[in-house]
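Please look over the chain shown here.

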Amino acid sequence: MGLTGFAVNPVVTALAVRFAGDAPTLTSALTTSAFNIGIAAGSALAGTALDSSLGLTGPPLVGTVIATLTLLPLSALAVRVTSHSCRVVARRTAPADPRQAQSAPASAHR
């Protein structure tokens with residue numbers, strides 16, 4: 001779990017900074033703050049669950065609920081992306097036949 005947490009943080013921060021536009025420093029600070037808030041909130045919820053009647057099953061239950069809540073929107077995005085048909089639009093910038101490329105400048109000067 002720690003390996004995943006340490007691997008996800010820089011990737012998400014780099015993606016956020018890439019799309020930040022004019023405020024990359026602010027975006028980097030906000031993503032780091034969001035990770036820290038998530039760690040604090042998860043720890044507080046697990047501690048509260050540990051003190052409840054759930055006992056030792058409380059923290060794993062909190063982790064399962066948080067993981068499920070994380071996977072739901074990711075699954076919806078994955079289904080949405082794969083359900084849309086991709087259409088590639090390209091314009092040929094060079095003739096397919098190299099012989100046409102050699103004769104094109106000559107015909108342009110006539």
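The report below goes from the whole chain to single residues.

## Basis

This is a predicted model, in which local features need pLDDT of at least 70, side-chain atom pairs count only at pLDDT 80 or more, and totals for chains, interfaces and linings use all residues. Residues are numbered from 1 along each chain as its sequence is written, and side-chain values use heavy atoms, with hydrogens and water left out.

## Overall make-up

The chain holds four helices and zero strands. Its order from the N terminus is α-α-α-α. Helices (H or I, at least four residues) and strands (E, at least two) are DSSP runs, numbered from the N terminus.

The chain has 110 residues, and 7% of them count as buried. Buried means under 20% relative accessible area, exposed over 50%, and partly exposed in between (1.4 Å probe, protein chains only). The accessible surface is about 9,200 Å². Carbon and sulfur atoms account for 68% of that surface. Areas come from the Shrake-Rupley method with a 1.4 Å probe; for residues, only the protein chains shown count as cover.

## Helix α2

Helix α2 covers residues 24-51, 28 residues in total. Its span from first to last C-alpha is 41 Å, close to the 40 Å expected at 1.5 Å a residue. The expected span is 1.5 Å times one less than the number of residues. The buried residues of α2 are Thr 27, Thr 31, Gly 42, Ala 46 and Ala 49.

Thr 13 sits in helix α1 (residues 2-18). Thr 13 counts as buried because its relative accessibility is 13%. Its side chain reaches the backbone oxygen of Asn 9 at 2.8 Å. A polar contact (N or O atoms within 3.5 Å; within protein, one able to donate a hydrogen and the other to accept it, and residues adjacent in sequence counting only if both atoms are side-chain atoms) of 3.4 Å links the side chains of Thr 13 and Thr 31. Leaving out residues up to four places away in sequence, Thr 13 touches Ser 28, Thr 31 and Phe 35. Contact here means heavy atoms within 4.5 Å.

Ser 75 belongs to helix α3 (residues 58-83). Ser 75 is partly exposed, at 40% relative accessibility. A polar atom of its side chain lies 2.8 Å from the backbone oxygen of Leu 71.

## Nonpolar patch

Leu 54, Leu 61, Val 65, Leu 69 and Leu 72 make a nonpolar surface patch of about 460 Å². Patches take residues with over 30% relative accessible area and no salt bridge; like charges are joined within 9 Å, nonpolar side chains (Val, Leu, Ile, Met, Phe, Trp, Tyr) within 5 Å. A salt bridge is a side-chain nitrogen of Lys or Arg within 4 Å of a carboxyl oxygen of Asp or Glu. Leu 54 lies in the loop between α2 and α3. Leu 54 counts as partly exposed, at 40% relative accessibility.
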